[in-house]
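Subject: Structure handover

Hi,

Here is the structure for you to look over. Please open it first, then read my notes below.

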Amino acid sequence: MDRILLGHGSGGKLMHELIKNYIAPVFEIPSLMDSAVVSINHSNKLAITTDSYTVSPIFFPGGNIGELAINGTVNDLAVVGAIPLYLTVGFILEEGFPISDFEKILKSIAESAKKAEVKIVAGDTKVVDKGKGDGIFINTSGVGVLPEGVELSPLKIEVGDKVIISGSVGNHGIAVMSERNGFVFEPPVLSDTRALNGLISEILKEFAPYVKVMRDPTRGGVATTLKELALDSGKDILIYENAIPIHDTVRGACELLGLDPLYVANEGIFIAIVKSEVAEEMLQLMKKHPFGLESAIIGEVTGPGGKVLLKTYIGGTRIVDMLPGEQLPRIC
């Protein structure tokens, strides 16, 4: 291909090929995580992340682009084990964008940052000509500190480890898609956008030595995230279809729209791969937190290989891979 396609931003194969073949080699980036971990004075470790938000529409059931930007950045720091501290926020505004909408988004940003206990310390604002943008785009960067003894990596994954998910799948993607296309579901599907640093902090206080890696399955969904972990670790991961929490409305919407819920974006859940001996105990701790009520053990690491396999409802097994193109573009 000699042109950028919409699918290059989807979280699937096209995006991974773009990063692997073009971006990472130029900047000499050895591995790709939700946040980069850097050492200061050979002792203190910081996590640094950046993200841009182009979701369409900017207001959707359960949230808007402002709180999505804050929660997404906080979560990218939290899933590498960091305590999020500071954020920057940059706006690209299109000429003619309603001030009233901008005020709503600003208030959501402030409220979300307060809930996540992070401070917005810097930012930037640019305005482009009418017709040269799409209302508003938001860029964020975040900095957090890693507690001593916390070191997460897919290279730590071992055969026998369990796969835990912190909540139900597909809510954000279906909420955005329903608003985008004027669909009405009963009960309505709400985005799961929320900051997960509180829940993750509780987990790491109790189980840090046993947690191998965590990721938040945003673009590309659960399937793509697990495939990334399988490739990075060189291990096969087996998941069980009947163990994956999916709301009936989301499942029905996916069937109506021809979507696989495993590839639908999420903005308020994470996947953790943990040592099997603590999986049940950790699950019980998660279920006591309001953001972990629907947590479940959905699979295990089975051997070398780098594949993701799904044991279906009827007892068959199929390979789960990344989508070649976009399923839901501009979802975050």
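Predicted model: local features only at pLDDT ≥ 70, side-chain atom pairs only at ≥ 80, totals over all residues.

Phe-27 counts as exposed because its relative accessibility is 59% and the cut-off for exposed is over 50%.

Most peptide bonds are trans. Two places to look at here:

- Ser-56 and Pro-57 are joined by a cis bond, with omega about 5°. Pro-57 sits in the loop between strand S2 (44-53) and strand S3 (59-60).
- Glu-186 to Pro-187 is also a cis peptide bond, with omega near -5°. Pro-187 belongs to the loop between helix H4 (171-181) and helix H5 (197-207).

Positive phi

Most residues other than glycine have a negative phi. Check these two:

- Glu-117 is not a glycine, yet its phi is positive, about 60°. You will find Glu-117 in the loop between helix H3 (99-116) and strand S6 (119-128). With 69% relative accessibility, Glu-117 counts as exposed.
- Arg-330 is not a glycine either, and its phi is positive at about 50°. Arg-330 is in the segment after strand S14 (317-320). Its relative accessible area is 28%, so Arg-330 is partly exposed.

Best wishes

Notes. Residues numbered from 1 in each chain as written. Heavy atoms only, no water. Buried < 20%, exposed > 50% of the residue type's maximum accessible area, 1.4 Å probe, protein only. Helix = DSSP H or I, 4+ residues; strand = E, 2+ residues; numbered from the N terminus.
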